Amino acid sequence: MRSLRSILAATAALFVLANAAAQAPAYRVPAAAPPNIKRAVESPARPADQSARDADRKPAETLMLANIAEGQRVVELASFGQYWTNMLVDAVGSSGQVYMVDMPWTDRFGGEAGRAFDTAHANATYTLAHYNQMQLPTNFDAVLIVQFYHDLKRMDVAESVDTADMNKKIFAALKPGGIYLVVDHVAEAGSGWRDAMTLHRIDPATIKSEVTAAGFELVQDSPLLKNPADDHKQNMRAEGLRGHTDQAVLVFRKPAR
């Protein structure tokens, strides 16, 4: 009897999961998306588990905010997982280049996959480098850091980043008019870096202040991933919240000169 109950419970659980999947909103690339972005997001080569997250992450709209175009040179900071990298290499095409730069402390869970991605893609380069020591070439079109800015300040001093120095390096690497896109989980207003290591969140005002101090101008504070139901008090990995946090989508630009 106990075995039968277990079977019935497992069957019910599978039914619930299947029903939830069926009700999950399907993601559609906006009609206004450029052909290169549409191609990248809809590529059948993308892993299914990554495409399944598109409704929550809105990749086409995000890449459009960064003005990702064919032939561009793009830096992706914190590339591990390759959710964005898989689309970026397709969006910039064979004439473009994606430079993936990960912090050394992430090597234990992302390094092997990053190096394999580099080997498999002629237009991708993978590097492990502390962001205060990284040597970026100049004349880049865009730099992206998604859901990682809050991880730049860590308990281990050696793993922490001087964000003022990092933002200056990014400013120097971008061409005039180049885009710096930052996406991160929103913390309570006025909290600064307080919740970075505990809730994995950061106050967007802090990002704005630090990035504009390096010379950038904020051109858009997009509501793309806004979620008013998120009270900013829970860990972004909390059950039922992960993947649905209120997120800041900030578009900065190096002034054209």
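Student: Where does the model come from, and how are residues numbered?
Tutor: This is a predicted model, in which local features need pLDDT of at least 70 and side-chain atom pairs count only at pLDDT 80 or more, while totals for chains, interfaces and linings use all residues. Residues are numbered from 1 along each chain as its sequence is written, and side-chain values use heavy atoms, with hydrogens and water left out.

Student: OK, what does the C-alpha trace span along its principal axes?
Tutor: The span is about 75 × 40 × 35 Å.

Student: How many helices and strands are there?
Tutor: The chain has nine helices and seven strands. Helices (H or I, at least four residues) and strands (E, at least two) are DSSP runs, numbered from the N terminus.

Student: What share of the residues is buried?
Tutor: Buried residues make up 48% of the 257 in the chain. Buried means under 20% relative accessible area, exposed over 50%, and partly exposed in between (1.4 Å probe, protein chains only).

Student: And what share of the contacts comes from residues 24 or more positions apart?
Tutor: Such pairs account for 74% of the contacts with a separation of 6 or more. Contact means heavy atoms within 4.5 Å.

Student: Let's go to the strands. Which strand does strand 1 run parallel to?
Tutor: Strand 1 runs parallel to strand 2, and five bridges join them. Two strands pair if DSSP finds at least two bridges between them. In this pair, L77 stands opposite V101 in strand 2.

Student: Why is strand 1 called largely enclosed?
Tutor: Four of the five residues of strand 1 (residues 73–77) are buried, so the rest of the structure largely encloses it.

Student: What about strand 5: how many of its residues are buried?
Tutor: Nine of the 12 residues in strand 5 (residues 174–185) are buried, so this strand too is largely enclosed by the rest of the structure. Strand 5 pairs with strand 4 (residues 140–146) in the parallel sense, over six bridges. There, F140 stands opposite L174 in strand 5.

Student: Where is Y99, and what does it touch?
Tutor: Y99 is in strand 2 (residues 97–102). Leaving aside neighbours within four places in sequence, Y99 is in contact with R73, V74, V75, E76, T125 and F140.

Student: How accessible is Y99?
Tutor: Y99 has 21% relative accessibility, so it counts as partly exposed.

Student: Now a helix. Which residues of helix 6 are buried?
Tutor: They are Y83, W84, T85, N86, M87, L88, V89, A91 and V92. That makes nine of the 10 residues of helix 6 (residues 83–92), so the helix is largely enclosed by the rest of the structure.

Student: What comes just after helix 6?
Tutor: G93, with a positive phi of about 75°.

Student: What about K58: where is it, and what is its phi?
Tutor: K58 lies in the loop between helix 4 (54–57) and helix 5 (59–65). K58 has a positive phi of about 50° although it is not a glycine. At 26% relative accessibility, K58 counts as partly exposed.

Student: And L63, buried or exposed?
Tutor: L63 is buried, with a relative accessible area of 0%. L63 sits in helix 5, and beyond its neighbours within four places in sequence it is in contact with I37, I68, W84, M87, L88 and L144.

Student: Last one: where is D195, and what does it touch?
Tutor: D195 is in the loop between strand 5 and helix 9 (204–213). Leaving aside neighbours within four places in sequence, D195 is in contact with A187, E188, H200 and R201. At 7% relative accessibility, D195 counts as buried.
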